[in-house]
Amino acid sequence: MEQLLRDPQKIETMKYILGLCAFIFLFSCTSQKNNSKYSKIEYEATPCFGFCPVFKMTINPDRTAVFEAEHFNFNDKPSKDEFSKQREGTFTGTIKEVDYNKLILLLDGLDVKNLNDKYGERNITDLPTSYLRITFPDGTSKNIEDYGKNGTEKLSEVYHFFENLRKNQQWTKVN
């Protein structure tokens, strides 16, 4: 090692290699953020005649998120009394990287652009509706309405994932 430090040419070579590695590392981190397939991901769950969670969540490519909680989002044993309470609030947070990456994989597995715009039959009147709205970097969007959450099995996975995000992320109440 001591001999290596005495050779100026080897020191310059090591500096060059280290600098190149740092550049590649920084470039790869930046390019991942800028190459997001989705410029906005929104999920909304509407009420049912029971205790279905009512909320809307918007997630940006930088993983920042807004969680608008109406009712039945935090209580594991809801009651009818919650109907008379005010909305639970608006929260902000940053989705954990591992969870964001899983969400992207779930959406990629859906082939979002080729899904139907509507799922579910309205012959039962007490079911919730799920809305999945995806905005793409080119400005186009895909809106999916799923009455009763009876769309595809992969859509159900996405809905369940969003319902879990309500409880497994760090949310800060802003309103």
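Which residues does Glu42 touch, not counting residues up to four places away in sequence? In this predicted model, the contacts of Glu42 are Lys56, Met57, Thr58, Tyr131, Leu132 and Arg133. Glu42 is part of strand β1. Its relative accessibility is 11%, so Glu42 counts as buried, the cut-off being under 20%. One of the residues touched by Glu42 is Lys56. The side chains of Glu42 and Lys56 also make a polar contact, at 3.4 Å.

A pair of aromatic rings is described by the distance of the centres and the angle of the planes. The search of the whole structure returned 10 aromatic pairs. In the pair of Tyr43 and Phe162, the ring centres are 4.9 Å apart and the planes meet at 15 degrees, so the pair is stacked. Planes under 30 degrees apart count as stacked.

A charged residue and a ring come together at Phe136. Lys113 lies over the face of this ring, 4.5 Å from the ring centre.

Methods. Residues are numbered from 1 along each chain as its sequence is written. This is a predicted model: local features need pLDDT of at least 70, side-chain atom pairs count only at pLDDT 80 or more; totals for chains, interfaces and linings use all residues. Side-chain values use heavy atoms; hydrogens and water are left out. Rings of Phe, Tyr and Trp (its six-membered ring) pair if their centres lie within 6.5 Å; planes under 30 degrees apart count as stacked, over 60 as edge-to-face and the rest as tilted. A charge sits over a ring if NZ of Lys or CZ of Arg is within 6 Å of the ring centre and within 35 degrees of the ring normal. Helices (H or I, at least four residues) and strands (E, at least two) are DSSP runs, numbered from the N terminus. Buried means under 20% relative accessible area, exposed over 50%, partly exposed in between (1.4 Å probe, protein chains only). A polar contact is a pair of N or O atoms within 3.5 Å; within protein, one must be able to donate a hydrogen and the other to accept it, and residues adjacent in sequence count only if both atoms are side-chain atoms. Contact means heavy atoms within 4.5 Å.
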